[in-house]
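Student: Hi, I have a new structure open and could use a guide. Can we go through it together?

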Amino acid sequence: MPLRIGILASGSGSNAQRFFDLRRTGALTIDPVLLICNRPGAGALERAEQAGVPSLMLDHTKETERERYDRSLVAALKEARAELIVMAGYMRLVTPFFLDSFSGRVINIHPALLPSFPGMRGAADALEYGVRLTGCTVHFVDEIMDHGPVIIQAAVPVNADDDRDTLQARIHALEHRIYPQAVQWFAEKRVKIEGRQVRILPTATPRRTVASDGSWLVWPPLEEPF
Ligand code: GRF
């Protein structure tokens with residue numbers, strides 16, 4: 001049975017698009033049952049519609065009480081019977097009520113190598129700091145922003161001539177590989193969380209992995225076709 005995923009998004013939705021595309025090719029054994037967006041007019045809504053994925057716009061400016069807002073989110077996700085909640089550019093903190101409702105089943109992607117550069121400007125902060133390597137992280141969500149146990153990370157070099165846009169684009173391209181991989185591990189029931197450590201269980205027959213090169217490194221390694 002495909003894993004039923006609920007997606008939370010606020011922006012362009014390119015990560016959501018990857019899920020839709022890879023579901024279509026059969027690379028991901030998921031069923032995106034609902035996309036919820038908190039911003040009217042966000043690209044993610046349009047992408048869901050194009051892909052035939054049910055979507056819901058819940059404008060957060062109309063409900064300023066955070067838990068009440070999250071109660072609507074939870075109700076919709078439960079009704080859709082979402083098993084894994086995938087935050088893809090969702091620019092809001094969720095409340096303990098939300099996390100308790102989907103305990104151990106909420107994940108996020110962040111455009112930096114956590115615990116470095118949490119917050120809204122991961123890529124830009126890394127560039128301004130002058131780090132030589134940055135990247136992206138898929139992690140479990142807990143009550144603290146960009147803090148839960150790490151599932152997979154990708155590192156990219158920062159080039160001397162990088163600006164925020166070029167660096168962000170390089171990171172984004174890797175997000176589009178590691179996030180589907182992480183979700184597929186969930187679909188295959190291979191993700192085990194032990195305190196802060198996350199273990200990816202092996203398959204009976206080992207999968208072919210994709211070799212990193214000098215322009216990126218992903219760990220644990222990506223498995224084909226990611
Ligand atoms: C990504 O950079 C992600 O790391 C961050 O928000 C951005 C979402 O991009 N959390 P998109 O909307 O999926 O294109």
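**Where the domains meet**

Tutor: Happy to! This is a predicted model. Across the interface of domain 1 and domain 2, the rule finds six residue pairs in polar contact, with both residues at pLDDT 80 or more.

Student: Which residues belong to domain 1 and domain 2?

Tutor: Domain 1 runs over 1-103, and domain 2 covers 109-226. Their C-alpha centres lie 20 Å apart. Domain 1 gives 19 residues to the contact, and domain 2 gives 17 residues.

Student: What area do domain 1 and domain 2 bury between them?

Tutor: About 1600 Å², with 70% of it on carbon and sulfur atoms. The size of an interface is often given in this way, as the accessible area lost when the parts come together.

Student: And how many salt bridges are there between domain 1 and domain 2?

Tutor: The count there is zero.

Student: Which elements supply the side of domain 1 that touches domain 2?

Tutor: Strand S1 (3-9), helix H1 (14-25) and strand S4 (84-87) each supply at least two residues of that side. H1 has the largest share, with five residues. Sorted by class, that side of domain 1 holds 15 nonpolar, three polar and one charged residues.

Student: New topic: how many salt bridges does the count come to?

Tutor: The rule gives 14 salt bridges. Side chains of opposite charge can pair when their charged atoms come close. Among them, Asp 125 pairs with Arg 121, where the closest N and O atoms are 2.4 Å apart. Asp 31 and Arg 23 also meet in one, at 3.9 Å from N to O.

Student: Is Arg 190 buried or exposed?

Tutor: Arg 190 counts as buried because its relative accessible area is 7%. Its salt bridge is with Glu 188, at 2.7 Å from N to O. Glu 188 is partly exposed, at 24%. Shared partners join Glu 188, Arg 190, Arg 207 and Glu 223 into one salt-bridge network.

Student: One more: where is the place of Thr 137?

Tutor: Thr 137 is in strand S6, residues 133-140. With 0% relative accessibility, Thr 137 counts as buried.

Student: What does the side chain of Thr 137 reach?

Tutor: It reaches the backbone oxygen of Ala 112, at 2.7 Å. Leaving out residues up to four places away in sequence, Thr 137 touches several others, including Asn 108, His 110, Leu 113, Val 150 and Ile 178.

Notes. Residues are numbered from 1 along each chain as its sequence is written. Side-chain values use heavy atoms; hydrogens and water are left out. Helices (H or I, at least four residues) and strands (E, at least two) are DSSP runs, numbered from the N terminus. Buried means under 20% relative accessible area, exposed over 50%, partly exposed in between (1.4 Å probe, protein chains only). A polar contact is a pair of N or O atoms within 3.5 Å; within protein, one must be able to donate a hydrogen and the other to accept it, and residues adjacent in sequence count only if both atoms are side-chain atoms. Contact means heavy atoms within 4.5 Å. A salt bridge is a side-chain nitrogen of Lys or Arg within 4 Å of a carboxyl oxygen of Asp or Glu. Domain bounds come from an automatic or database domain assignment. Buried area is the accessible area (1.4 Å probe) that two parts lose on being put together, summed over both. Ala, Val, Leu, Ile, Met, Phe, Trp, Tyr, Cys and Pro count as nonpolar, Asp, Glu, Lys and Arg as charged, and the others, Gly among them, as polar.
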